[in-house]
Amino acid sequence: MSKSNINKQILDYLKDQNRPYSVIDIHNNLHKEHGKTAVMKALEILVNDGKVKEKTYGKQKIYFVDQNEFANSDNADLMRMDAEINNMTNTLNDLQKQIKVAESQLDAIDKSLTTEEAELELEKIKNELPQLRLKLESLESNTGRISPEEKNALYEARKKYCKEWQKRKRLANDMLDAILEGYPKTKKHLFEEVGMETDGDLKVFTF
């Protein structure tokens, strides 16, 4: 490609983008079609011709098109462009809201049971029903009652085990927090990786 064609290509690119670039930026943005030296020489010519402006910031030089190369916009043009910007901004906001809604719906679907899982859960409940009915009948007939002493002993044992449970749970959480400080993923990923189940997963709670 001749020097004049290189100059035109760079000038057209700077006009189209209308923003400052360094030599390296222009070289990369033109897909390295021309060497850095050729780009630099073309910019020097364009600067000398007054078509491109050069500014120095520290050790770096940037180049941008002389704004006189563009036709002045009247108020009507500016108002039209402002209106277009506002419309595009509103459209962008609407799309972002739609994306959030879609992501929430997808997350809900991911957390819901599949048909196969629902059928397995239903079968499990059906199998538990006879035992639950027997237990209900036993309670309704007041059979299998325990004495106040036995009841108090059960409560005390429960308090003891719950206390020990909470103690071990705290120790486990402390160890997990220490591991998570150097773990690159989330706590959920760690639990899945080591196969850990929480109280909530097993629907077990202490009071």
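Asn 18 sits in the loop that joins α1 to α2, and in this predicted model its phi is near 50°, a positive value in a residue other than glycine.

**Overall make-up of the chain**

- The secondary structure of the chain comes to 8 helices and 2 strands, and read from the N terminus the elements follow the order α-α-α-β-β-α-α-α-α-α.
- Among the contacts in the chain with a separation of 6 or more, 46% are accounted for by residues 24 or more positions apart.

**Nonpolar cores**

- The largest nonpolar core has 16 residues, and those with the most contacts inside it are Ile 10, Leu 14, Ile 26, Val 39, Leu 43 and Val 52.
- At least two residues of this core come from each of α1 (3-17), α2 (23-29), α3 (36-48) and β2 (60-65), and α1 gives the most, with 5 residues.
- Once its neighbours within four places in sequence are left aside, Val 39 is in contact with Ile 10, Val 23, Ile 26, His 27 and His 34.
- A second, separate core is made of 5 residues, including Leu 176, Leu 180, Tyr 183 and Phe 191.

**The helix α3**

- The 13 residues of α3 should span 18 Å at 1.5 Å a residue, and the C-alpha atoms at its ends are 18 Å apart, which agrees with that expectation.
- Val 39, Ala 42, Leu 43 and Leu 46 are the buried residues named in α3, and, seen down the axis of α3, its buried residues fall within an arc of 100°, so they line one face of the helix.
- An α-helix has 3.6 residues a turn, so residues three or four places apart point the same way.
- The face of α3 turned away from the buried side carries the exposed residues Thr 37 and Asn 48.
- Gly 50 follows α3 and has a positive phi, near 80°.

**Loops between the first helices**

- The side chain of Ser 22 makes a polar contact with the side chain of Asp 25, at 3.1 Å.
- Leaving aside its neighbours within four places in sequence, Ser 22 is in contact with Gln 60, Lys 61 and Ile 62, residues that lie within the range given for β2 (60-65).
- Lys 32 is found in the loop between α2 and α3 and, although it is not a glycine, has a positive phi of about 55°.

How values were computed. Residues are numbered from 1 along each chain as its sequence is written. This is a predicted model: local features need pLDDT of at least 70, side-chain atom pairs count only at pLDDT 80 or more; totals for chains, interfaces and linings use all residues. Side-chain values use heavy atoms; hydrogens and water are left out. A nonpolar core is a set of buried Ala, Val, Leu, Ile, Met, Phe, Trp, Tyr and Cys residues joined through side-chain atoms within 4.5 Å. Buried means under 20% relative accessible area, exposed over 50%, partly exposed in between (1.4 Å probe, protein chains only). Helices (H or I, at least four residues) and strands (E, at least two) are DSSP runs, numbered from the N terminus. Contact means heavy atoms within 4.5 Å. A polar contact is a pair of N or O atoms within 3.5 Å; within protein, one must be able to donate a hydrogen and the other to accept it, and residues adjacent in sequence count only if both atoms are side-chain atoms. The expected span of a helix is 1.5 Å times one less than its number of residues. The arc is that of the directions from the helix axis to the C-beta atoms.
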